[in-house]
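Here is a short briefing on helix packing and charge pairs. Keep the sequence and the model open as you read.

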Amino acid sequence: MKVPQFLLKAKERTERFLKGFEWTWTKAVVFCLGFGFFAVITMAVIPSFWMYFAEQKLGWSGISGTSDWQPLARDAVAMGLATGPFITVVVAATIMQNWRRKLRGASSDRPAGGYR
């Protein structure tokens, strides 16, 4: 299977960025501000809107734990919407950190430094 040329160029640009990236205070503060907005919107606003939509528009109101499937489905989707972005960010950060270590020539198995 042949990989499209634009994906190869995107991978090359990403690897170049990851290899040379260093945190500064400014980059960290800007990242944390952006991540804070991302977290509030994806982990609070969107699940809240889903609960409103499911109860008001779909009629899936009621108490969870009853024999009715609608409140259970409503709550399951809300929990997926609340935890999904956090898990995605943690997994993506881990993958990118290990990728960065490999690009810099370090082993991705065990980071250097610290007490052993």
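Predicted model: local features only at pLDDT ≥ 70, side-chain atom pairs only at ≥ 80, totals over all residues.

**Salt bridges and helix packing**

Residues are numbered from 1 along each chain as its sequence is written, and side-chain values use heavy atoms, without hydrogens and water.

**Salt bridges**
- The whole structure holds 6 salt bridges (a side-chain nitrogen of Lys or Arg within 4 Å of a carboxyl oxygen of Asp or Glu).
- E22 pairs with R104 at 2.6 Å, N to O.
- That pair joins distant parts of the chain: E22 sits in the loop between α1 and α2, R104 in the segment after α3, 82 residues apart.
- R104 is partly exposed, at 38%.
- E22, R100 and R104 form a network of salt bridges.
- D75 bridges to R74, with the closest N and O atoms 2.9 Å apart.
- R74 is buried at 4%, whereas D75 is partly exposed at 22%.

**Helix packing**
- Helices are DSSP runs (H or I, at least four residues), numbered from the N terminus.
- Helix α1 (residues 5–20) packs on α3 at about 80°, with axes 9 Å apart.
- α1 and α3 are therefore roughly perpendicular (65 to 115 degrees).
- Their contact (heavy atoms within 4.5 Å) involves K11, T14, E15, L18 and K19 of α1 and M96, W99, R100 and L103 of α3.

How values were computed:
Axes fitted to C-alpha atoms, helices over the stretch in contact; angles between N-to-C directions. Helix = DSSP H or I, 4+ residues; strand = E, 2+ residues; numbered from the N terminus. Parallel < 35°, antiparallel > 145°, perpendicular 65-115°, else oblique. Buried < 20%, exposed > 50% of the residue type's maximum accessible area, 1.4 Å probe, protein only.
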